[in-house]
Amino acid sequence: MTSVSAGVRALGQRGLKATRYFGSAGVMACATVYALARPREWRREAFVQAKAIGIDSLPLVLFVGALSGSILAQQAGYQFTDLPMWIVGQAVIAGMLTELAPLLSAIIMAGRVGAGIGAELGTMKVTDQIDALRTLGRDPIVELVVPRVVAGAVVMLPIVIFANLIGVLSGWFTSIALLPMTTAEYVRGVQSYNYEPAVIFTLIKAVCFGITITFTGCFVGFSAEGGAAGVGRTARNTVVAIIVALMVLDVVLAPIYKAVS
């Protein structure tokens with residue numbers, strides 16, 4: 001009975017900790033939405049963050065997008081051997097728009113941007129810089145969180161668009177180079193796909209993923225504690241939390257594609 005009681009107690013403590021964690025995230029989310037009404041205070045910093053988040057990440061995202069399109073074209077060509085070859089073009093654009101471009105771009109951004117945000121804000125937290133802002137009468141949410149969240153939401157749109165374009169182009173190059181098909185067949189496959197709903201879907205995903213990456217990075221950074229070791233744990237926890245959140249959000253957003261079709 002003692003072991004059962006201990007197990008129940010541990011489960012209850014974990015549940016209470018999770019409730020507090022999500023409650024704190026909800027409070028920060030509400031404060032972030034409320035702070036959006038004060039653009040003069042965060043607008044300039046948002047431009048700075050947009051460059052750091054978007055432009056500096058674009059080469060890596062495009063490289064991964066090109067690899068994704070190439071792999072998708074090869075796998076489609078090797079597996080759909082009993083179907084017309086123009087199916088490859090349709091498979092590439094469908095896979096890139098609905099899943100690979102937004103999700104892989106977001107995962108790259110989670111490792112590059114999310115971890116950086118978590119470590120930066122975590123360092124500020126453990127060195128009491130965030131408390132110093134509050135002491136000076138300045139709102140850390142307005143100065144630190146909102147610019148990053150807004151920049152993430154806006155910048156992810158062109159990043160995902162470019163990832164889609166480079167993926168489709170890479171799929172075309174791979175198809176004509178490695179598969180027995182022509183440019184005309186690939187273009188026919190791309191044109192035969194009803195891509196308008198998929199474009200809307202991929203843009204919705206881009207905005208939602210951008211917000212998730214930056215907000216999660218900020219929240220985990222604000223929760224840092226324990227000095228230099230704590231900052232290291234924060235960077236690690238940020239990446240894990242963002243990837244889990246992205247996968248859950250991907251499942252939640254999936255029905256939207258049917259709604260816009």
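**Exercise 1. Work out how far apart the mean positions of the positive and negative charges are in this protein chain.**

Step 1: sort the charges. Lys and Arg count as positive, Asp and Glu as negative, while His and the chain ends are not counted. Step 2: place each charge at NZ of Lys, CZ of Arg, CG of Asp or CD of Glu. Step 3: take the mean positions of the 19 positive and the 14 negative charges, and you get 7 Å between them.

Before you go on: this is a predicted model, where local features need pLDDT of at least 70 and side-chain atom pairs pLDDT 80 or more, while totals for chains, interfaces and linings use all residues. Residues are numbered from 1 along each chain as its sequence is written, and side-chain values use heavy atoms, with hydrogens and water left out.

**Exercise 2. Describe the fold of the protein chain.**

Step 1: find the helices and strands, which are DSSP runs (H or I, at least four residues, for helices; E, at least two, for strands) numbered from the N terminus. You'll find nine helices and zero strands.

**Exercise 3. Is Leu60 buried, partly exposed or exposed?**

Step 1: locate Leu60, which sits in helix 3 (residues 58-79). Step 2: recall the cut-offs: buried is under 20% relative accessible area, exposed is over 50%, and partly exposed is in between (1.4 Å probe, protein chains only). Step 3: Leu60 has 40% relative accessibility, so Leu60 counts as partly exposed. For the whole chain, 41% of the 261 residues count as buried.
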